[in-house]
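This briefing covers selected features of one structure, grouped by topic. The sequence and the coordinates are shown first, and the points that follow refer to them.

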Amino acid sequence: MKRPWAQIPRVAIVGGGPGGLFTAHLLERHAARPFEATLFEAGERLGGKLLTARFEQRDAPYEAGAAELYDNSPVDEDPLRELVAELGLPTVAMNGGAVWLDGVRVATLEDLRRRGGPRAQRAFEAFDSAAHGWMGARQFYDSDAPESFSDERTPTLFARWLERIDDPFARRYIERLIHSDLAAEPHQTNLRYGLQNYLMNDPAYMRLYAIEGGNERIVHELAQRQRARVQLGCALERVSAGAAGRVRLALRSPDGPLEREFEHVVLALPLDRLAQVRFEGEPLHSGVRRHVAHYDHPAHYLRISLLFAHAPWRGAFEESFGMSERFGGACLYDESARRPEAPYGVLGWLLGGDAAREHASRSDAELIELALDALPAEFAGARAAFLEGRVQRWIGAVNAMPGGRVAAPLERRHLPCGRSGPSLHIVGDYLFDSTLNGVLESAHYVAQSLAARLEQGGDALATNPPPIEHARRSAAVQRFP
């Protein structure tokens, strides 16, 4: 017999990026009680940092946002991999990891020895051994859980570990290898995050892949499946307490100011955008202020995408990507390698950290010229085949220290007002590892928490859901069928 419900609770999800879409999708799956959901997005499109664009001169796709997805299945189950399969999206594996130093590609340990000498090889091997000893594959997989690093009371800056490398060539190689993944400088992040971004190059820890036809296909598939009402062009300006424990949202919409009250609210916004919203009254004001302060470690990306009439580097360079010491350490993607039958070539530069922030003030034309000049020798002839360039700036859009200096319990990450406060939840990749995998895990926690509140019913302030476990450790309910 179905349980009768006195009223249909209203849920607001603010933010139409992956976090908001994942939350809407998972909440429909977990909730036993009927609810009415509205998804508000400030822009004119859904998807956020999942953005696959196309050039004008050729019908060629390129990733203007997230370039790849992480596959954790070498260690254990991977909810994102399972979701991609559920959505019926084909994937293509990505490989790479060579580093161009002084214009020469260093791809193997022998290359490192030949370029830097025996001392450089020994220094690199010592660092590699220490990194694997500090964080094994299982701990890497579980690294978002506070108990995985329970002894990390005073986190070490990653720069301190790099300073211990006693050979300058080996240190330079390692720094350039991971710089664009960090999107920050070594002194701006902690050891845990630095080593995560080094160890991700080991296929025993994780692998990389992309969606055939563009990573934004995830957005399109989710948008078609979710039942929430979508309102584009609605920017959140103020959050305050409503009647009977509800939460009141004030938004700026295409039709003018909009104010509505909801029993439950999910804020799936980038941290810099969340910091611009006004929170009125307690515990909203102090709770969100503490949340923003804990995670306020901005990092930066800048993407320069280049279209060529053909790919003259084929045969000399056959990997999906490589790292360059140009721009302080940048990743160079051969995006057309994902479509080997394509008659054109597409290269994408990913600048990170201070270089991305400092170059962001340059014009698109200047950046495209710099990107062409920085191409390695293996890409000879590319400039003559160049057709078109595009630039996408993601300044402050990622996090240099995901999870904060010390990882907080999951409940504290997602409920800034606590379990007994207003039903205000926060979803974000910066709460975990600044990846699509991380934001899915964040959305999963919130969807389960909200499903429990919905099941309890009654006054929103009175609801006090049971603790929800880490998504990867919860029962089979967390798996995607």
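This is a predicted model: local features need pLDDT of at least 70, side-chain atom pairs count only at pLDDT 80 or more; totals for chains, interfaces and linings use all residues.

Cys417 has a relative accessible area of 11% and is therefore classed as buried, the limit for that class being under 20%.

**Cysteines**
- Cys234 is likewise buried, with a relative accessible area of 3%.
- The number of disulfides in the model comes to zero, where a pair of cysteine sulfur atoms would have to lie within 2.5 Å to be counted.

- Beyond residues up to four places away in sequence, Leu274 touches Leu267, Leu269, Phe279, Val288, His291, Val292, Ile426 and Tyr430.

**Surroundings of Asp433**
- Asp433 sits in the loop that runs between strand 21 (424-426) and helix 15 (436-456), and with a relative accessible area of 14% Asp433 is buried.
- The side chain of Asp433 makes a polar contact of 2.6 Å with the side chain of Thr435, while a polar atom of the Asp433 side chain lies 3.4 Å from the backbone nitrogen of Gly438.
- Once neighbours within four places in sequence are set aside, the residues in contact with Asp433 are Asp144, Tyr193, Pro402 and Gly438.

Methods:
Residues are numbered from 1 along each chain as its sequence is written. Side-chain values use heavy atoms; hydrogens and water are left out. Helices (H or I, at least four residues) and strands (E, at least two) are DSSP runs, numbered from the N terminus. Buried means under 20% relative accessible area, exposed over 50%, partly exposed in between (1.4 Å probe, protein chains only). A polar contact is a pair of N or O atoms within 3.5 Å; within protein, one must be able to donate a hydrogen and the other to accept it, and residues adjacent in sequence count only if both atoms are side-chain atoms. Contact means heavy atoms within 4.5 Å.
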